[in-house]
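Walk through this structure with me, one region at a time. Keep the coordinates open as you read.

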Amino acid sequence: MRPTMRRFLIDTDTASDDAIALLMAFAAPDVSVEALTIVAGNCTAEQAAQNALYTAELCGVTVPVHLGRTGPLIRPLTMAAEVHGHDGLGDIGLPLSGRAVAEGRAVDVIVETVLRHPGEVTLVALGPLTNIAVALLRAPEIARKVARCVVMGGVADGVGNVTPAAEFNIFVDPEAAAVVFSSGMNLTMVGWDVSRRRAAFDADELAALRAIDTPRARFAVDILGALRRFMVGISSRDHVDLPDPIAMAVALDPSVATDVRRHAVIVDTSAGPSAGATLIDHFGSTGRPATVDVVFDASRDRFLEMLRASLAAG
């Protein structure tokens with residue numbers, strides 16, 4: 001019997017770990033990826049769209065890819081070429097140009113898809129939250145019509161990866177993140193702290209993934225080369241962690257998240273050194289409603305099982 005299909009809409013600034021997350025979504029037998037909406041972040045929106053199209057093509061998947069916002073709501077764009085490579089996929093010489101995006105702008109597609117399928121769409125946010133914030137500002141009613149929104153962003157332990165306190169996706173557009181986190185959506189936050197603890201891979205573990213020896217497995221590990229070099233440069237250790245894939249795992253199977261607590265999450269939109277920080281109101285001291293399911297821990301074993309299965313597909 002064909003499984004009941006779940007509708008996913010994935011918003012992404014497609015770089016290396018985003019692409020691996022897409023492999024996981026494309027491999028899920030009960031998921032229909034309705035569209036990929038593209039936002040600027042790790043690289044330009046135009047490059048991210050080409051990366052998404054290449055990844056879908058590799059998997060033999062036909063999915064509309066829609067260009068979205070080319071920069072944050074009010075701040076200049078911060079990108080991550082030093083982390084993921086200038087092309088976002090490790091600068092390994094992949095043909096990442098010339099593919100056609102779909103008609104329609106990302107924000108319109110988000111609004112139209114949610115309104116067309118109320119209560120059915122899981123929105124997975126893998127990049128800065130600009131597209132989703134603009135969609136909410138344009139059509140606030142979609143907040144109650146999204147089945148679930150899983151955000152890879154922020155940290156619950158206060159340890160940032162782009163500043164001492166801020167994770168990259170939230171730092172790029174904190175104003176957008178503030179809109180999304182205060183929208184009342186059924187929102188799950190999977191922060192970089194979860195990835196750091198449960199989705200890190202050393203050189204031997206990456207070699208074992210590549211040894212699955214499918215086109216998807218070779219692609220997934222090879223595109224991490226720039227990230228590995230970056231991590232060696234800052235830590236003297238050959239390893240990576242995969243925040244977008246573990247967030248996708250939580251979206252695909254909520255039981256991957258083993259410690260989830262509902263809190264208010266306040267985003268620092270100041271211009272100071274804590275800009276982009278996600279402040280978890282652990283004890284309700286702000287009086288704000290606790291509307292965000294914050295993931296504090298996850299099952300590495302289940303995540304690995306899902307990741308390996310997706311790389312073995314095809």
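Ala27 is partly exposed, because its relative accessible area is 26% and the class covers what falls between buried (under 20%) and exposed (over 50%), computed with a 1.4 Å probe on protein chains only. The model is predicted: local features need pLDDT of at least 70, side-chain atom pairs count only at pLDDT 80 or more, and totals for chains, interfaces and linings use all residues. Residues are numbered from 1 along each chain as its sequence is written, and side-chain values use heavy atoms, with hydrogens and water left out.

Ala27 sits in helix α1. Helices here are DSSP runs of H or I with at least four residues, strands are E runs of at least two, and both are numbered from the N terminus. Beyond its neighbours within four places in sequence, Ala27 is in contact with Arg216, Ser310 and Ala313. Contact means heavy atoms within 4.5 Å. Gly314 is 287 residues away from Ala27 in sequence, yet their C-alpha atoms are 8.6 Å apart.

Now take the helix as a whole. How many of the 12 residues of α1 are buried? The count is 11, so α1 is mostly covered. The buried set includes Asp17, Asp18, Leu22, Leu23, Met24 and Phe26. The length of α1 (residues 16–27) also checks out: at 1.5 Å a residue its 12 residues should span 16 Å, and the end C-alpha atoms are 17 Å apart, which agrees. The expected span is 1.5 Å times one less than the number of residues.

Next comes helix packing. The axes of α4 (residues 106–116) and α5 (residues 130–138) come within 9 Å and cross at roughly 60°. Axes are lines fitted to C-alpha atoms, for helices over the stretch in contact, and angles run from 0 to 180 degrees between N-to-C directions. α4 and α5 are therefore oblique to each other. Oblique is what remains after roughly parallel (under 35 degrees), roughly antiparallel (over 145) and roughly perpendicular (65 to 115). From α4, Ala106, Val107, Asp108, Ile110 and Val111 meet Asn131, Ile132, Val134, Ala135 and Arg138 of α5. The residues of this contact divide into 7 nonpolar, 1 polar and 2 charged. Nonpolar covers Ala, Val, Leu, Ile, Met, Phe, Trp, Tyr, Cys and Pro; charged covers Asp, Glu, Lys and Arg; the others, Gly among them, are polar.

α5 has another partner. It packs with α7 (residues 174–181) at an angle of about 55°, with the axes 8 Å apart. That makes α5 oblique to α7. Thr130, Ile132, Ala133, Leu136 and Leu137 of α5 make the contact with Ala176, Val179 and Val180 of α7. By class, the contact of α5 with α7 has 7 nonpolar, 1 polar and no charged residues.

Two loops deserve a look at the backbone. Most residues other than glycine have a negative phi. Asp213 has a positive phi, near 65°, and lies in the loop between α9 (203–210) and α10 (215–222). Ser236 has a positive phi too, near 60°. Its loop runs between α11 (225–235) and β8 (239–241). Ser236 counts as exposed, at 69% relative accessibility.

Finish at strand β10 (residues 278–281), which holds Leu279. Leu279 is partly exposed, with a relative accessible area of 45%. Leaving out residues up to four places away in sequence, Leu279 touches Ala264, Val265 and Ile266. The C-alpha atoms of Leu279 and Ile266 are separated by 5.0 Å, at 13 residues apart along the chain.
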